[in-house]
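Here is a brisk report on one protein model. It starts with the overall make-up and ends with single residues.

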Amino acid sequence: MADSRTEGRLPTRNGDTEEEGRGRLRLQPSMATEAQEPFMGMKVRRRSSMYRQYKGDYINVSSNQQILKILSKHGDKQVLFADRVVKVNKEGMIKQQILVITEISIYILEPKWCNLKRRIALSTVEKVCLSELNDNFFAIIVPREYDCLLASTRKSEIVTVLVEAMKKISDDSLEVVFSNSFEFYIDSENIREVKFEVVEGAVRTKVCRK
């Protein structure tokens, strides 16, 4: 739950800082531009998203003590992206969650109290899958565990942030796969297929059992 008080030393927009008990957590503004996006020329985009300026933190992490506590516990130092997204669960239903990306991890948090639902080490992510159409869905593929299907109007920024973060921790680039049909593991055993098609000018997204 958001709190206007802060613990420790956290950067603010004007460069001032406040002290964080276990070290310093930096809020890293995204410097990505349209030309840097890994999927430019590969995916149909909405006109409104083509010239959107990337902000990075859309939920003011520096004022949320619960999120700061979780990040400090795992040793994360930089918040590269934070926002509300929707996640597809085992039943194919969507539920709002909070997505936080740091320099070493991906966090899925429950939105009301910001309780930790899942932490994914960036080093375990193999690829990101998304369609070639102007929908909001993307899948984070984690072979050692299970995958994660999310949707966000800021998908372009999220994928860009993941690609750039992976460059800093691995010699291997994060693979970005474009396909109007792809599979993902909803848990350790069960596979789902996501299909995208244009119907009457709109994109229809279907999640099917395999």
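Helices here are DSSP runs of H or I with at least four residues, numbered from the N terminus. I158 has its place in one of them, helix α3. The model is predicted.

## Overall make-up

The protein holds 3 helices and 12 strands. It has 210 residues, and 45% of them are buried. Its accessible surface comes to about 11500 Å², with 46% of that belonging to carbon and sulfur atoms. Take the contacts with a separation of 6 or more: 52% of them join residues 24 or more positions apart.

## The largest nonpolar core

The largest nonpolar core has 27 residues. L99, I140 and L162 touch the most other members. Eight elements are named as giving two or more residues to this core, among them the strands β2 (78–88), β3 (94–102) and β4 (105–109) and the helix α3 (155–169). Strands β6 (127–130), β7 (137–141), β8 (148–151) and β9 (175–178) also belong to that list. Which element gives the most? It is α3, with 7 residues.

Leaving aside neighbours within four places in sequence, I140 is in contact with I106, V125, K127, D147, C148, L150 and L162. C148 is also its bridge partner in β8.

Is I158 buried or exposed? Buried means under 20% relative accessible area. I158 has 0% relative accessibility, so it counts as buried. Beyond four places in sequence, I158 is in contact with F81, V85, L99, I101, F138 and S152. V100 is 58 residues away from I158 along the chain, and the two C-alpha atoms are separated by 9.8 Å.

S152 sits in the loop between β8 and α3. Its relative accessible area is 5%, so S152 is buried too. The side chain of S152 reaches the backbone nitrogen of R154 at 2.9 Å. Residues up to four places away aside, S152 touches V85, N136, F138 and I158.

## Strand β8 and its partners

β8 has buried residues pointing both ways. C148 and L150 point one way, L149 and A151 the other. Strand β7 runs antiparallel to β8 and is joined to it by 4 bridges. These two strands form a hairpin with 6 residues between them. β2 is also antiparallel to β8, through 2 bridges. Here V86 stands opposite A151.

| Strand pair | Sense | Bridges |
|---|---|---|
| β2 and β8 | antiparallel | 2 bridges |
| β7 and β8 | antiparallel | 4 bridges |
| β4 and β5 | antiparallel | 5 bridges |
| β11 and β12 | antiparallel | 8 bridges |

Helix α2 covers residues 65–74. Its buried residues are Q65, I67, L68, I70, L71 and S72. What do the buried residues of α2 pack against? They pack against β2, β3, β4 and β5 (116–121).

Both ends of this helix have a feature to check. N64 caps the N-terminal end of α2, with a side-chain oxygen 3.2 Å from the backbone nitrogen of Q66. Just after α2, G75 takes a positive phi of about 80°.

Two of the strands packed against by α2, β4 and β5, form a hairpin with 6 residues between them. C114 in this hairpin takes a positive phi near 60°. Across the pair, Y107 stands opposite R119 in β5.

## The three-stranded sheet

An open sheet of 3 strands has the order β10-β11-β12, and its pairing is antiparallel. Which are the edge strands? They are β10 (181–185) and β12 (202–209), each pairing on one side only. Neighbouring strands of this sheet are turned by 25° against each other on average, direction ignored. Strand β11 spans residues 191–199 and pairs with β12 over 8 bridges.

Technical notes:
Residues numbered from 1 in each chain as written. Predicted model: local features only at pLDDT ≥ 70, side-chain atom pairs only at ≥ 80, totals over all residues. Heavy atoms only, no water. Core = buried A, V, L, I, M, F, W, Y, C linked by side-chain atoms within 4.5 Å. Buried < 20%, exposed > 50% of the residue type's maximum accessible area, 1.4 Å probe, protein only. Contact = heavy atoms within 4.5 Å. Pairing = 2+ DSSP bridges. Axes fitted to C-alpha atoms, helices over the stretch in contact; angles between N-to-C directions. Areas by Shrake-Rupley, 256 points an atom, 1.4 Å probe, with all protein chains shown as cover. Polar contact = N/O pair within 3.5 Å; in protein donor to acceptor, adjacent residues only side chain to side chain.
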